[in-house]
Amino acid sequence: MLPKERVVGDSAGWAVIGNMDYNKWASSKSFQPGDTFLFQYNPSYHNVLQVSRSDFHTCDATSPIATYATGNDSIVIRSPGHYYYICGFMGHCQAGQKVDLRVPRNIGPDGSPISSPTLPSNVSSIAEASAYGPMAPGPSHSNGHFVVFHYALLCFGFGLLFIFI
Ligand SMILES: [Cu+2]
């Protein structure tokens, strides 16, 4: 899946009016690392503060991790985890202008639909191995040559032994 651009709250944008449930919005979507989150709002009445988990729950806007205030803020989330955003205007977070963006690990490596094609390729490599089956006498043949070579070496050794005696 390619990274997507998400307008937080969709057509409602980032607002208080309309009692938008941002967590419901977020949980209805599946995000992935690399997604862009667009916060659209009137900067005279709202802003976007990235806060810690505890500040998110208490709506504490006093020590944000990051502050956005342009009214059209695009935030790219590159690594998995929880990202908490609230509006820093008085009472807005308490009224529900807050969102917990949970970005799971990229579905690619764990997703069974993607990892399963490795199984057929494994199977084909087994089929390839069994294709060597008819050639099995081949290696045993060369093994025979090896034995002959050892025998010759042994004879040579005995020859040397006799020379030294
Ligand atoms: Cu606000």
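**Close-up 1. Aspartate 10 lies in the loop that joins strand 1 (5-7) to helix 1 (22-27).** Helices (H or I, at least four residues) and strands (E, at least two) are DSSP runs, numbered from the N terminus. This is a predicted model, in which local features need pLDDT of at least 70, side-chain atom pairs count only at pLDDT 80 or more, and totals for chains, interfaces and linings use all residues. Residues are numbered from 1 along each chain as its sequence is written. Have a look at the backbone here: phi of aspartate 10 is near 50 degrees, a positive value in a residue other than glycine. Aspartate 10 is exposed because 12 other C-beta atoms lie within 10 Å; the cut-offs are 12 or fewer for exposed, 20 or more for buried, and in between for partly exposed, with C-beta atoms placed from the backbone.

**Close-up 2. Cysteine 59 lies in the loop between helix 2 and strand 4.** Its phi is near 60 degrees, a positive value for a residue that is not glycine. With 18 other C-beta atoms within 10 Å, cysteine 59 is partly exposed.

**Close-up 3. Threonine 62 lies in the loop between helix 2 (53-58) and strand 4 (66-68).** Threonine 62 is exposed, as 8 other C-beta atoms lie within 10 Å. Glycine 88 is 26 residues away along the chain, yet its C-alpha atom and that of threonine 62 are separated by 8.4 Å.

**Overview. The protein has six helices and seven strands.** From the N terminus, the order is β-α-β-β-α-β-β-β-β-α-α-α-α. Of the 165 residues, 19% are buried.
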